[in-house]
Amino acid sequence: MLDNDFTPGDAAHHFGERRYNAWNEHVKRRYGARVQKVSVEAGFTCPNRDGRVASGGCTFCNNDGFTPLYLERRQSVTQQIDAGLEFLQRRYPGTDRFIAYFQSYSNTYGELERLRALYQEALAHPQISGLAIGTRPDCLAQPVLQYLAELSSEHIIELEIGVESCNDAVLASVNRGHDFAASVDAIERAAALGLDVTAHMLLGLPGESRDSMLDGARKLSALPIRALKLHQLQLVRGTALARQWQSDPASVPLFGEQECIGLLCDFIERLAPRILLQRVGSEVPPSMKLAPAWNVRLSELAPRISAELARRGSWQGSRYEA
Ligand code: SF4
């Protein structure tokens, strides 16, 4: 059975104890093994930082907090992959399938020839089976999408698009520099070319209400996305949002621990069961995190969500309305 084939009625049985459509399970079924991402820092910037769209960047953004320690920006793509493989093979012995993850900033922001050279260098590595490419929706010109679609006929290509919120007022308030319509447009154009799209969402941005976030589950479910990464808002030191919270905490309400798990479950219950959940939360390194004070390790968050869904007798899509 394909992961996208089941109806909401099949979902509870299909998801098992996890109670949601877990990306890792899908990957193991599809490739017969774990597929690990090797991060690559290719020297991209972002139009929301370099002045083309804006210069301050999104108020929550600090890419340094999420760059693996094994990365050295001065190294070539091949050197970075070699360093990453050495680290990951020690950490996850037995993994033999890897994809290069162009993660930081906007990894389709550049001339097509430059993108080609970088992506081809990664794909030429003998241990790399594909690419995961993170970007903004307004950095996906049609020729770039067409090129990625060509690559996807021979390689795993996962296009990760930062949606962050489905609420235009919220997007404006965090200086995102694009609206939700831009995400819809990019996702629909990519999917029309057969690309697998993962949407990246940040729950809890200032100005978001419980209802607007849950409405986001409905809006995302209507889009041709393959997978979703859910992150809960945490304030990273050095960001404009962290400074805003320090000067006016009431303007940046933060989730309590139980509230966060409850909201993630509410969201997952309203999400179409065909959408694979690649992440159900995030963890900021303690040295980079300013708030909230509570911390649940990522490895604990997923079982906590499954336990809460089990307690409710619900699962991904149990409250989904097509
Ligand atoms: S979050 Fe992404 S789009 Fe926003 S400023 Fe940072 S790199 Fe740019």
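Biologist: This is a predicted model, so which residues surround the ligand, and what makes a residue part of that shell?

Modeller: The shell consists of Cys46, Asn48, Arg49, Gly57, Cys58, Cys61, Asn63, Tyr105, Ser106, Arg136 and Gly162. Each of them counts as near because its C-beta atom, placed from the backbone, lies within 6 Å of the molecule.

Biologist: How do the residues of that shell divide into nonpolar, polar and charged?

Modeller: There are 4 nonpolar, 5 polar and 2 charged residues around the ligand; Gly is placed among the polar ones and Cys and Tyr among the nonpolar ones by the definition used here.

Biologist: Turning to the helices, what angle and distance describe the packing of α4 and α5?

Modeller: Helix α4 (residues 112–123) and helix α5 (residues 142–152) pack at an angle of about 25 degrees, and their axes are 10 Å apart. Because angles under 35 degrees count as roughly parallel, α4 is called roughly parallel to α5. The residues in contact are Leu112, Leu115, Arg116 and Tyr119 on α4, facing Pro143, Val144, Tyr147 and Leu151 on α5, and they divide into 7 nonpolar, no polar and 1 charged. The crossing of α4 past α5 is right-handed.

Biologist: On its other partner, how does α4 meet α3, and which residues make the contact?

Modeller: The axes of helix α3 (residues 77–91) and α4 come within 9 Å and cross at roughly 40 degrees, with α3 passing α4 in a right-handed crossing. Val77, Thr78 and Ile81 of α3 make the contact with Leu118, Glu121 and Ala122 of α4, a set of 4 nonpolar, 1 polar and 1 charged residues.

Biologist: What are the corresponding values for α8 and α10?

Modeller: For helix α8 (residues 210–221) and helix α10 (residues 257–269), the axes come within 8 Å and cross at roughly 35 degrees. This crossing of α8 past α10 is right-handed. Arg210, Met213, Leu214 and Ala217 of α8 touch Leu263, Asp266 and Phe267 of α10, and these residues comprise 5 nonpolar, no polar and 2 charged.

Biologist: What makes the peptide bond between Ala291 and Pro292 a cis one, and where is Pro292 found?

Modeller: The bond joining Ala291 and Pro292 is cis, with omega about 0 degrees, and Pro292 is found in the loop between β9 (289–291) and α11 (298–312).

Biologist: Finally, how many helices and strands does the protein have, and why is it called as compact as a globular protein of its length?

Modeller: The protein has 11 helices and 9 strands. Its radius of gyration is 19 Å, close to the 20 Å that the globule rule gives for 322 residues, and therefore it is as compact as a globular protein of that length. Along the principal axes, the C-alpha atoms fill a box of roughly 50 × 50 × 40 Å.

Definitions and conventions: Residues are numbered from 1 along each chain as its sequence is written. This is a predicted model: local features need pLDDT of at least 70, side-chain atom pairs count only at pLDDT 80 or more; totals for chains, interfaces and linings use all residues. Axes are lines fitted to C-alpha atoms, for helices over the stretch in contact, and angles run from 0 to 180 degrees between N-to-C directions. Helices (H or I, at least four residues) and strands (E, at least two) are DSSP runs, numbered from the N terminus. A crossing is left-handed if the near helix is turned anticlockwise from the far one by less than a right angle, and right-handed if clockwise. Two residues are in contact if their C-beta atoms, placed from the backbone, lie within 7 Å. Angles under 35 degrees count as roughly parallel, over 145 as roughly antiparallel, 65 to 115 as roughly perpendicular and the rest as oblique. The radius of gyration is taken over C-alpha atoms; the globule rule is 2.2 Å times the number of residues to the power 0.38.
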